[in-house]
Amino acid sequence: MNKALGVWWDRRLVGVLRVDEHGDLGFAYDDSWIADAARPAISFSLPKRGGPFNRRQARPFFAGLLPEEAQRDAVARALGISKANDFRLLEALGGDVAGALTLWPQGIVPRFLEGLAAAKPLSDEALVEVLDALPTRPFLAGREGMRLSLAGAQKKLPVVLVNGRVALPTPGQPTTHILKPPIDRFPATTENEAFAMRLAAAIGLPVAPVEPREVAGHRFLLVERYDREAGADSKVRRLHQEDICQALGLPPEHKYAGEGGPTFAASFDLVRKACSRPAWAVLQLLDAAIFNLIIGNADAHGKNFSLLHTPAGVALAPLYDLMCTVAYPEISTKMAMKIAKRATLDEFKADTWSAFAADIGMAAPFVRRRVGELAGEAAAKAKAVADQIAAEGFDGEALASYAAIVGWRAETLTR
């Protein structure tokens, strides 16, 4: 039985993740990684140092690489592993995760692109089979060669595109896109997320590109991964990232502010300390907070904002997982992160934006002006974005309803 996993960043061993006889995790950087000043820490919460990090220190980052809630339960069932066993889940799924790292049993050197068999596009029938398998076997866990993981509670699958067609990665290959089937409990979630993401792009916010697709009556969303890049040699390389929970050392089950997770005040403080261009990152995070309020995304929690580690430095990652959650009465309208102690739009008062500005260390007139700018742009472009997606063959009635929600919320915020 393996007791250790090597943690790799490209071709370099970063360190070792261990589990002791009591099932407790520990992580230690490799001496060569510590000695190389050009090699960064893997998390703001795990600074480079000699000696091990204990479970309390290491688990938030590494557990944060794994799926959550029902997806974690289903993976564990498919693999015959306890859902509480972070180490075994990482052993089974850690070949391609969010960011630059890969995890392999100690002593195994991971495969890289050289010599890998080319991924082959899935036929429509094979793609439908994959979509049908995801509810009971998330990430195709246990299928030969599939060691894939992403955080979150929604069904999804990391994939690659070959000539524009979906393909499963070969072992060791960095995935380039995330395939997201609809959420079973709610109608038209593919349209909803496509609308929210494209509206963000339409008003100039940095956001992961998305494409809604359909195959044999099965709809899904393709999201381009921002933590991957193609080099001059056309080979895809992983970029490192960590979400705000990981960076603050908070476990994924505490992603909501009301459960001890990140608040906006803590998040703004983090980006000021961690980002190479803090002033720009602060403006991006402000825009994200405002935009989520405009579209009615109450589920914007600490794992839906990330830091992206690039050769140029650390930046706030493009927006992702945007959705108009208020379109579904079954979902709570209380925001995952309150704005100036206000949890819903109905609670907003004349002084809300001034209080929020004080909480996050920004000037109130600037915050109020930015709310007006983003609300105006979103309201002006919502219908066109919805119409474009409908013209691609998707649910026009649902899309029109999302645009109407944005129009009403934008107007309410600027009264």
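Pro 158 stands opposite Ile 178 of strand 7, within the antiparallel pairing of strand 5 (residues 157–162) and strand 7 (residues 177–180), which extends over three bridges; strands are here DSSP runs of E of at least two residues, helices are runs of H or I of at least four residues, and both are numbered from the N terminus, while two strands are taken to pair if DSSP finds at least two bridges between them. The structure is a predicted model, in which local features need pLDDT of at least 70 and side-chain atom pairs count only at pLDDT 80 or more, whereas totals for chains, interfaces and linings use all residues. Residues are numbered from 1 along each chain as its sequence is written, and side-chain values use heavy atoms, with hydrogens and water left out.

Strand 12 is joined to strand 13 by four bridges, with Leu 308 in strand 13 as the bridge partner of Gln 241. Strand 13 (residues 306–310) also pairs with strand 14 (residues 313–316) over four bridges in the antiparallel sense, His 309 standing opposite Val 314, and a hairpin joins these two strands through two residues.

Helix 4 (residues 86–93) is mostly covered, as seven of its eight residues are buried, where buried means under 20% relative accessible area, exposed over 50% and partly exposed in between, for a 1.4 Å probe and protein chains only. Among the buried residues are Phe 87, Leu 89, Leu 90 and Leu 93, and also Asp 86, Arg 88 and Glu 91. The elements that cover them include strand 1 (4–9), strand 2 (12–19), strand 3 (25–29), helix 2 (55–63), helix 3 (69–79) and strand 4 (101–105).

Leu 90 is also one of the residues touched by Phe 62, together with Val 7, Leu 17, Phe 27, Ile 42, Leu 46 and Leu 103, not counting residues up to four places away in sequence; contact means heavy atoms within 4.5 Å. Of the 127 residues in the largest nonpolar core, Phe 62, Phe 195 and Phe 356 touch the most other members, and the largest share of this core, eleven residues, comes from helix 9 (residues 278–295). Such a core is a set of buried Ala, Val, Leu, Ile, Met, Phe, Trp, Tyr and Cys residues joined through side-chain atoms within 4.5 Å.

Ser 267, in helix 8 (residues 264–274), counts as buried because its relative accessibility is 1%. Leaving aside neighbours within four places in sequence, Ser 267 is in contact with Ile 244, Pro 262, Leu 285 and Met 337.
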